[in-house]
Amino acid sequence: MLSHGPLVVEEPLLNAGPVTQTTELSGAPEQDKQPDRPPRRALPRLPHRAWSVAAIAFVTIIGAAGFASLPGLLIDPLHDEFGWSRGTIGFAVSVNLALYGLTAPFAAALMDRFGIRKVIAAALAVIATGGGLTVFMTEPWQLILCWGVLVGLGSGSMALAFAATVTNRWFVAQRGLVTGILTAGGASGQLIFLPLLSWIVERHDWRPAAMTVAIAALAIVPLVWLLLRDYPSDVGLAPYGADGPPAPRPAARRGAARRAVKALTSASRTGTFWLLAGTFAICGASTNGLVKTHFVPAAHDHGMPVTAAASLLAVIGVFDIIGTVASGWFTDRFDARRLLAMYYALRGLSLMFLPILLDDAVHPPMIFFIVFYGLDWVATVPPTMALCREQYGEDSAIVFGWVLASHQVGAGVVAFVGGMARDAFGSYDLVWYGAGALCAIAALMSLVIRRGPNAQAAAATV
């Protein structure tokens, strides 16, 4: 009989049916019963920290672009006050642009050695020093030293090689899109600073504008120091889109200059490097060197007010943001070589029409040029950076820094040649036509670039 005991007890439990009957068997008091509650809502997941780091980098690049936007506004005021030729002023701008590019590969290597925060904070301090000392200059060599050397070195350390470093360290997925967004920071800086600086130059002279740049550079330093981080592992995370646990922080790499030169030596043995460097040199010549530096004085030659011309240049920045972000999205999905060929061909076509569009007022055809050219302004950056990543892997940020150096050397040459051409011929027309022809050559060069060994791996991260 004892063997039947457990069966008698278990039978009601197995057939208990509704949960309420089981509750009653437990003997819980009536007053302890709790009414049914809706399930708790899951807390919204915060965005990956990589996006906040990208946001800080975006703000910093905005500042770098703003600092670089002032030289084009100084050509006429410095010419009027000191009597310096446009060629002399253009030479100082060319030094700025060349150092902007030549600093980039070494800055990328220094970021591996000392960290992103320290390098960017030091660069901002150098820019503030150069911009502040400019107000005391009386000789051309001082313009070359302050605005050419100091501001060039500082802004070059925050150039697109910085964007490449942040993207490579913090992102595995969506690299093309992030590259486009960070590149668009340059256009945003142009949009924010150009109208303000042109208004200051026209109303209060060029010295307050230079001091504005110096103060803005110092204001960004605390933001960088407090919020920017070097690696995802610093905050216990893996890069965005990566599988697996966080990778340990890599050891600091000594010999930054040696590593930058070694990366150049290795890359220069490949034909792809020279094609990328050549096309990007033409990119710089047809954007920073020509339009950013000489568009305002060229429009002013035709009777357009400086503020109106600077506002048009700022509007280019608006559409550049759209075009560059879209280019990053396209780069994640289409052949980067064909994208480059299309971008250069369209840019060259637009520059060929510019001489007949310049006038003393803004007309609809000029607005069409601004929109069309703006969409293409630096749309070349995401596919160029992607091709560097495909070809050169771990050293891609440094190699891209050297490619960027060619961009700025091209910009510097045309900034100087453009000023000389204006002094010699009294017009910029030949420079516009020459830049258009160079863009056609760049389009052909883009089509013969070979895909790199990391092309399939890069495509797999989309």
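**A closer look at α18**

Reply: Of the 30 residues of α18, 22 are buried, so this helix is largely enclosed by the rest of the structure (buried means under 20% relative accessible area, with a 1.4 Å probe and protein chains only; helices are DSSP runs of H or I, at least four residues, numbered from the N terminus). A quick word on the source: this is a predicted model, where local features need pLDDT of at least 70, side-chain atom pairs count only at pLDDT 80 or more, and totals for chains, interfaces and linings use all residues. Residues are numbered from 1 along each chain as its sequence is written, and side-chain values use heavy atoms, with hydrogens and water left out.

On length, the 30 residues of α18 should span 44 Å at 1.5 Å a residue, and its end C-alpha atoms sit 42 Å apart, which agrees (the expected span is 1.5 Å times one less than the number of residues).

Now the neighbour: α17 (residues 381-392) packs on α18 (residues 396-425) at an angle of about 130 degrees, with the axes 9 Å apart (axes are lines fitted to C-alpha atoms over the stretch in contact, and angles run from 0 to 180 degrees between N-to-C directions). Who touches whom? From α17 come Val381, Thr384, Met385, Cys388, Arg389 and Tyr392, and from α18 come Ser396, Val399, Phe400 and Val403 (contact means heavy atoms within 4.5 Å).

Finally, just after α18, Gly426 takes a positive phi of about 75 degrees.

Methods:
Helices (H or I, at least four residues) and strands (E, at least two) are DSSP runs, numbered from the N terminus. Buried means under 20% relative accessible area, exposed over 50%, partly exposed in between (1.4 Å probe, protein chains only).
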